[in-house]
Amino acid sequence: MKLGSHVSVSGKGLLSAVKEAIKYDSDTFMIYTGAPQNTKRKKIEDMHIEEGLKLMGEHGLADFIVHAPYIINLASPKEDTFNMSVDFLKQEVARTEAIGSKYIVIHPGAHVGSGEGEGLKRISYGLNEVISKDQDVLIALEIMAGKGSELNYKFEHTASLLEQVTHSDKLVVCFDTCHAHDAGYDIVNDFDGVMESFDKIVGLDKLKIFHINGSLNPRGSKKDRHANIGATEDNPKGKDHIGLEAIRYIVHHEVAQGKPCILETPWLDKKTNLYREEIALLRGKTSTCSW
């Protein structure tokens with residue numbers, strides 16, 4: 001397994017992120033190159049890349065992920081939003097390559113009332129504007145929960161995007177457990193069946209990253225509210241409707257082996273190294289977390 005979590009680049013950029021990942025006993029990690037809600041970014045020369053990569057090598061960290069900001073919406077029918085999304089995603093791809101990662105995860109977009117078919121066309125058009133045949137960075141389309149008008153909550157959406165994008169070899173998939181569960185896929189009782197369906201519709205060769213999260217809502221709710229792994233009603237952030245047993249099955253499954261599995265679970269308002277505890281829990285080194 002390659003287990004890790006979202007970590008911060010606040011301070012000394014990649015070096016700060018690596019130091020935080022080490023505290024959690026991680027094998028991998030994920031970063032945003034700046035705040036996920038805006039386009040403000042440090043200069044790449046201020047990201048302490050060489051120092052960060054050196055420290056990664058010393059501690060066996062590999063395959064770290066960049067996540068694009070939430071403000072990108074390639075499905076938007078508004079030209080200014082769409083153009084900003086294309087331009088900023090191009091910059092984020094360049095930053096991802098400069099910082100030494102080979103993956104950038106994106107939320108493909110929400111159609112905002114224009115309809116799913118039109119939204120998927122816009123995403124494909126945007127990706128064709130962003131992707132060059134010579135780029136090394138792979139763009140990972142995240143499986144979404146389907147809240148509001150967001151797209152890519154169905155495997156068929158992913159397949160449609162792969163068909164419409166010219167350089168689809170530069171596209172892969174990020175499977176989020178909370179999102180898939182909330183979208184209606186039965187990952188609790190039939191994860192093997194879900195993976196068989198994914199293979200038929202998309203292809204398991206495209207599945208490269210996992211986001212490992214519990215869900216605060218029942219299957220099919222389309223809410224997208226993450227829960228701590230295996231949390232009960234006593235947890236201040238709420239009960240996990242996926243459960244520890246199902247999440248452990250997923251991270252130990254053959255389809256997840258050797259692939260970055262990234263925690264994005266809630267941070268509790270008390271002093272506890274929670275990501276470290278959840279990573280140990282999933283590895284089977286402990287049976288409980290200090291909720």
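**Exercises on a barrel, its strands and its cavities**

The lining of the largest cavity comprises, by class, three nonpolar, one polar and two charged residues. The structure is a predicted model, in which local features need pLDDT of at least 70 and side-chain atom pairs count only at pLDDT 80 or more, while totals for chains, interfaces and linings use all residues. Residues are numbered from 1 along each chain as its sequence is written, and side-chain values use heavy atoms, with hydrogens and water left out.

**Exercise 1.** State which residues line the largest cavity and what its volume is.

*Solution.* Begin with the term: on a 1 Å grid over the protein atoms alone, a cavity is a set of points where a 1.4 Å probe fits but cannot get out, whereas a pocket is an open set with protein on both sides within 12 Å along at least five of seven lines, and lining residues have an atom within 4 Å of a point. Grid points are joined across faces, edges and corners, and a volume is the space filled by probe spheres set on the points. The structure holds one cavity of 30 Å³ or more, and the volume of the largest cavity is about 30 Å³. Its lining consists of Thr33, Lys42, Ile44, Met47, Arg95 and Ile99. For the classes, Ala, Val, Leu, Ile, Met, Phe, Trp, Tyr, Cys and Pro count as nonpolar, Asp, Glu, Lys and Arg as charged, and the others, Gly among them, as polar.

**Exercise 2.** Describe the volume and lining of the largest pocket, and then those of the second largest pocket.

*Solution.* The largest pocket has a volume of about 330 Å³, and of the 20 residues that line it, His6, Tyr32, Pro36, Tyr70 and Glu264 lie nearest its centre. Its lining divides into seven nonpolar, nine polar and four charged residues. The second largest pocket has a volume of about 160 Å³, and its lining residues include Tyr70, His107, Met144, Lys147 and Glu150. By class, that lining has six nonpolar, three polar and two charged residues.

**Exercise 3.** Determine in what order the eight strands close into a barrel, and trace the pairing of β5 with β4 and β6.

*Solution.* Strands (E, at least two residues) and helices (H or I, at least four residues) are DSSP runs, numbered from the N terminus, and two strands pair if DSSP finds at least two bridges between them. The order around the barrel is β1-β2-β3-β4-β5-β6-β7-β10, with parallel pairing. Next, β4 (residues 103–106) pairs with β5 over four bridges in the parallel sense, and Leu141 in β5 is the bridge partner of Ile106.

**Exercise 4.** Decide whether the residues on the two faces of β5 and β6 are buried or exposed.

*Solution.* Buried means under 20% relative accessible area, exposed over 50%, and partly exposed in between (1.4 Å probe, protein chains only). In a regular strand the side chains alternate between the two faces of the sheet. In β5, Leu138, Ala140 and Glu142 point one way and Ile139 and Leu141 the other, and all are buried. In β6, Leu171, Val173 and Phe175 on one side and Val172, Cys174 and Asp176 on the other are likewise all buried.
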